[in-house]
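Hi everyone, thanks for making time.

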Amino acid sequence: MPDATGLELVAQRVRSAVNDDAVVDTLHAHGQATLQVAPASVHEVLSHLRDDDEEPYEFLASLHGCDYLPEEPRLGVHYQLLSMDRCERLNVKTRLTVEEPQLHSVVDLYPTAHAQEREVYDFFGVEFMGHPDLRRILMPEDYVGHPQRRDFPMGGEPVIFTFNEHELPRWYD
Amino acid sequence: MEVTRTKLSGRSQEMRARGLKAQQMLRGELEGADLQEHVEKSLLLSRFEDAQNWARKNAIFPLGFGLACCAIEMITVIGSPRNDLARFGAEAIRFTPRQADLLILSGRVSTKMAPVIRRIYEQMLEPKWVISMGACASSAGMFNNYALVAGADKFLPIDVYVPGCPPRPEALMYGIMQLQDKIQGSPHQGWRERYRSAGTEEGLGESIPAPAYSGHGDDA
């Protein structure tokens with residue numbers, strides 16, 4: 001883990017290598033370093049961190065989505081990077097709006113992102129541009145909606161217990 | 001050790017006498033009242049359907065098919081000597097639906113798996129039976145959300161529901177015994193007949209005939 005100072009140094013190097021607006025924020029909490037980046041420059045930042053940085057992160061340990069409703073922008077995509085040599089981890093986060101959920105795919109940098117980007121697309125509706133095969137991965141192909149978004153209805157059926165059988169009389173009719 | 005010779009008595013003597021009678025009959029030496037008496041004593045009369053169902057219920061071939069955590073309990077039933085499914089003639093697990101006639105839905109049925117299960121069910125040969133094992137397969141259980149089918153009976157005819165989360169192996173054994181009763185024609189378990197809904201099974205194109213029902217016990 002880079003410490004708070006190390007994180008600021010990483011952010012500084014990313015800013016100078018990519019551009020000044022690439023890093024939106026840095027956060028160091030619970031021993032974890034997080035770099036929040038603008039969605040437009042995610043690919044460049046990860047490319048820099050993998051290849052050109054003086055402390056490179058060559059391994060993408062996890063890529064996952066998140067929904068921060070009611071905050072705006074709502075959708076989050078997290079990239080958890082790992083350096084096997086230095087045994088250091090770095091989180092890279094980005095935030096997207098539901099209206100414009102487009103993000104550049106990182107499959108060309110990290111092939112492991114292939115299935116994980118499909119999962120984020122399936123559950124949160126983030127569209128990864130440049131992904132070679134962006135299809136649903138867990139839900140059926142003809143499924144409508146992105147079920148892990150927080151405003152997605154829970155689904156299922158009401159269950160009648162003794163405490164609510166009077167509130168839901170014969171709901172199944 | 002002292003060896004003593006005793007005369008045959010009681011039941012064993014009777015068995016020996018019947019054996020001799022059978023020998024005589026095969027040689028054509030029995031005639032008249034003797035022949036009549038021997039036939040009445042040694043034949044068991046039944047309806048063909050009853051005999052057929054008796055054979056069916058004691059030769060169930062379960063499909064080796066697990067869906068989720070209930071499958072662990074199901075494997076305990078079908079694969080362990082402690083529960084010994086061979087007692088019911090059901091120890092021959094088939095891993096192809098073409099040779100199986102009991103589908104045990106052991107676990108949660110996701111919306112993506114439902115068409116696959118339906119297809120497996122269609123591939124099984126008649127007569128075939130389905131046990132819905134555990135809360136998830138029967139009603140989506142604790143996973144009451146977008147991902148699961150709330151009750152496999154929405155797309156399959158289910159014969160026996162085994163409650164539990166997961167059911168103990170004993171419960172599944174009891175379910176299999178209930179299924180045996182049903183196969184033999186117990187009127188209490190033929191819900192399709194009870195609700196006069198035979199022929200309402202969903203299918204592609206023509207409807208699937210219901211498992212043969214002997215009508216046994218309808219008079220009672």
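Let's start with α4(B) and α7(B): Glu73(B), Met74(B), Thr76(B) and Val77(B) of the former meet Pro169(B), Leu172(B) and Met173(B) of the latter. Contact here means C-beta atoms, placed from the backbone, within 7 Å. Helices are DSSP runs (H or I, at least four residues), numbered from the N terminus. By class, this contact has five nonpolar residues, one polar and one charged. Ala, Val, Leu, Ile, Met, Phe, Trp, Tyr, Cys and Pro count as nonpolar, Asp, Glu, Lys and Arg as charged, and the others, Gly among them, as polar.

A word on the source: this is a predicted model, where local features need pLDDT of at least 70 and side-chain atom pairs count only at pLDDT 80 or more, while totals for chains, interfaces and linings use all residues. Residues are numbered from 1 along each chain as its sequence is written, with chains lettered from A and ligands numbered from 1 in the order written.

Back to the helices. α4(B), residues 70–79, packs against α7(B), residues 169–184, at an angle of about 65°, with the axes 9 Å apart. Axes are lines fitted to C-alpha atoms over the stretch in contact, and angles run from 0 to 180 degrees between N-to-C directions.

Now, which residues join α3(B) to α7(B)? Asn53(B), Trp54(B), Arg56(B) and Lys57(B) are on the α3(B) side, and Gln180(B), Ile183(B) and Gln184(B) on the α7(B) side. Two are nonpolar, three polar and two charged.

Terms used:
Helix = DSSP H or I, 4+ residues; strand = E, 2+ residues; numbered from the N terminus. Contact = placed C-beta atoms within 7 Å.
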